[in-house]
Amino acid sequence: MKKIALIALAALLAISLIACSNSGGGNASLDDYIAPDYTYKIAPGKTLTFEDSVGDTAIITDYSGLYTPHTVDIPTIIDERTVIGIGDQAFLSCTAITTVTIPNTVTYIGEWAFARCTSLETIIIPASVTSIGKGAFSECTNLKTIIFEEGSKLTSIGDFAFNDCSGITEIILPEGLTSIGLFAFNGCSALTSMKTPATLKTIGDLAFYNCAGLNAEGALVLNEALTSIGKFAFAGINKDYIVAPEGSYAAKYVDAMINLEAEEEITEDSTGSTDEDTTESSTEDTTDVTEGSTEGTTNMTEDTSTDTTEDTTEVTEGTTEDTTEDTTEVTEDTTEDTTEDTAEVTEDTTEDTTEDTTEVTEDTTEDTSAETETA
C-alpha cells in the first residue's frame, strides 16, 4: 500500500510541475518541455495564436481574421502573458489588413512576419523593437508610412526587410541603427529621400537597388560612421546626387561608383557593349558592319558587285565573252563540225542509204520481175 501511495504522490507532483510550466513558471528541470500553441480571440472574427515564451510571456505565431479590409490591434497582455515578439510568418499573406498596432512590449519582429500583406498602408514600430527580421515587410506593395517611435532601440534591419515596398515615399531611420541587410529597400521605387543615421555602420549588397526616386540631387545622404557598404548598394543612382562627408569611407565608396551614364554605357558596353556599343557598335559596328557590311557589303557589293559585277562582269564578260566566244566557237565549231559531220554523215548515210536502198530496190525489183515471169 505504501508503494502505491508513493507512486500516486509522484504522479501528482509531476502534474503540478507541468501546470506550473504552462502558467509561465520556468522550472529548470523541464527544459525539454514543448510549449503548446494557444488561441486568443481579440475581436469578433479576429483570432491570434500564441506560444509560451520565457516566464509569463508570449510570442504571436499566427493570425486568422476577416476577409474584408480591417485593422489589427495586438494586445499587450494575452491570457496573463506579456506579448514580447511577433513570430516568423505570423501575419504572412494576410491581405485584408490595412493597419497593425504593435504593443510597446514587443522586442522583435520575426522573419517574413508581415510579408505580402498587400493592403497594409501604415505601420508604427514601437521603441521597444530591437530588430526587424528577414523579409518582415517584403512585398507590402501598398505600405506608404513607416513610423519609428521616439527613443527607438532598433539596431538592425534584416535582409529583404522592406523589399518591393513600392509605395513608401519617405522613411526616417532611427538613431541607434547599426546595420541594414542586403536587398533591404530594394524596389522601393517611390522613396524620394533617405538620410542614414549617424550610428549606421553597415549597408548590405543591393540594399537600395531599384530606388529610382532617390535619383535626384541630395535625395540620399550617407553618414560618416559607415565602414562597410556592399556591392551595388546604390545601383541605378547617379553618384553625383549622393551626399557623403568629405574624406569618409562613404565618400570613397561613392567616388569609386560608376556614374549612371557611364554605368549605362558600361551596361551597354557590357551587354556586349550591349546597347550603344552593341547598339552603337551594333549600330556603328552594325553601321560599320552595315557600312562595313554595307561598305563591306557595298565593297563586297561593290567589290562583289564591282568585283562580282566586275568579276561577274569580267566573269560574265569573261564568261560571257569567253563563254560567248568559246560557246560561239564551240557552237560554231560544234555547229560547223556537227553540221559538216552531220552533213557528211547525212550525205554518206544518204548516199549509202540511197545507194543501198537503190540497190535493194533494184535487186528486189529484179527479183520480183524474175519471179513474175516464172509465174
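**Note on the aromatic residues**

1. Phe-137 has 0% relative accessibility and therefore counts as buried, the limit for that class being under 20%. The model under review is a predicted one.

2. Across the whole structure, a search finds ten aromatic pairs. One of them joins Phe-114 and Phe-137, which are stacked, with 5.3 Å centre to centre and 5 degrees between the planes. This pair links distant parts of the chain, 23 residues apart. Phe-114 lies in the loop between strand 8 (108–109) and strand 9 (122–125), whereas Phe-137 belongs to the loop between strand 10 (131–132) and strand 11 (145–148). Both Phe-114 and Phe-137 are buried.

3. Why is the pair of Phe-137 and Phe-162 stacked? The ring centres of Phe-137 and Phe-162 are 5.3 Å apart and the planes stand at 5 degrees, so the pair is classed as stacked; the centres need to lie within 6.5 Å and the planes under 30 degrees apart. This pair, too, links distant parts of the chain, 25 residues apart, with Phe-162 in the loop between strand 12 (156–157) and strand 13 (179–180). Phe-162 counts as buried because its relative accessibility is 0%.

4. Which residues form the one aromatic cluster? The members are Tyr-63, Phe-91, Phe-114, Phe-137, Phe-162, Phe-185, Phe-208, Phe-234 and Tyr-253.

Methods
Residues are numbered from 1 along each chain as its sequence is written. This is a predicted model: local features need pLDDT of at least 70, side-chain atom pairs count only at pLDDT 80 or more; totals for chains, interfaces and linings use all residues. Side-chain values use heavy atoms; hydrogens and water are left out. Rings of Phe, Tyr and Trp (its six-membered ring) pair if their centres lie within 6.5 Å; planes under 30 degrees apart count as stacked, over 60 as edge-to-face and the rest as tilted. Helices (H or I, at least four residues) and strands (E, at least two) are DSSP runs, numbered from the N terminus. Buried means under 20% relative accessible area, exposed over 50%, partly exposed in between (1.4 Å probe, protein chains only).
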